Amino acid sequence: MSRIYFVDEPSGRTAKIGGTGLAVWEVLRDLPRDADPKRIRDVFPQLSQAQVTAALMYARRYPEEIEREIARNAALTPEAIEQRYPGLVRFVATE
């Protein structure tokens, strides 16, 4: 049986999938809200069925939290990071 555990990260408390370093939001970020467990396993073959089920159950119970984490991550554009940390981080375009 897989579980969800919590880690305190710089961005706050994050729900992670037991036996992995993956956050629940990371697994569900690019999948539809009603994600099919088989599709998740296709994208993340290292996850067991129990791990996928745990992630989906957590996301169904706390959808606002997952959506907030996905949105927070999407807002981390290079421009936003440079503005937030002036002089500390600089992104250089590559060709």
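Predicted model: local features only at pLDDT ≥ 70, side-chain atom pairs only at ≥ 80, totals over all residues.
Arg29 is partly exposed, at 36% relative accessibility. Asp30 is exposed, because its relative accessible area is 62% and the cut-off is over 50%.

The structure holds 4 salt bridges. For another one, select Lys16 and Glu9, where the closest N and O atoms are 2.9 Å apart. Is Lys16 buried or exposed? Lys16 is buried, with a relative accessible area of 10%, whereas Glu9 is partly exposed at 29%.

Next, go to helix 4, residues 63–74, and select Glu69 and Arg72. Their side chains form a salt bridge of 3.4 Å, N to O. The two residues are 3 apart in the helix, so about one helical turn separates them. Glu69 counts as buried at 9% relative accessibility, and Arg72 is partly exposed at 34%.

Turn to the largest nonpolar core, which has 19 residues. Select Val24, Val27, Leu28, Ile40 and Leu47, the members that touch the most others. Strand 2 (12–17), helix 1 (24–28) and helix 3 (49–61) each give two or more residues to this core. Helix 3 gives the most, with 5 residues. Keep Ile40 selected: beyond four places in sequence, the residues it touches include Val27, Leu31, Ala35, Val52 and Leu56.

Finish on Gln51, in helix 3. Gln51 is buried, with a relative accessible area of 11%. A polar atom of its side chain lies 2.7 Å from the backbone nitrogen of Ser48.

Definitions and conventions: Residues numbered from 1 in each chain as written. Heavy atoms only, no water. Core = buried A, V, L, I, M, F, W, Y, C linked by side-chain atoms within 4.5 Å. Buried < 20%, exposed > 50% of the residue type's maximum accessible area, 1.4 Å probe, protein only. Helix = DSSP H or I, 4+ residues; strand = E, 2+ residues; numbered from the N terminus. Contact = heavy atoms within 4.5 Å. Polar contact = N/O pair within 3.5 Å; in protein donor to acceptor, adjacent residues only side chain to side chain.
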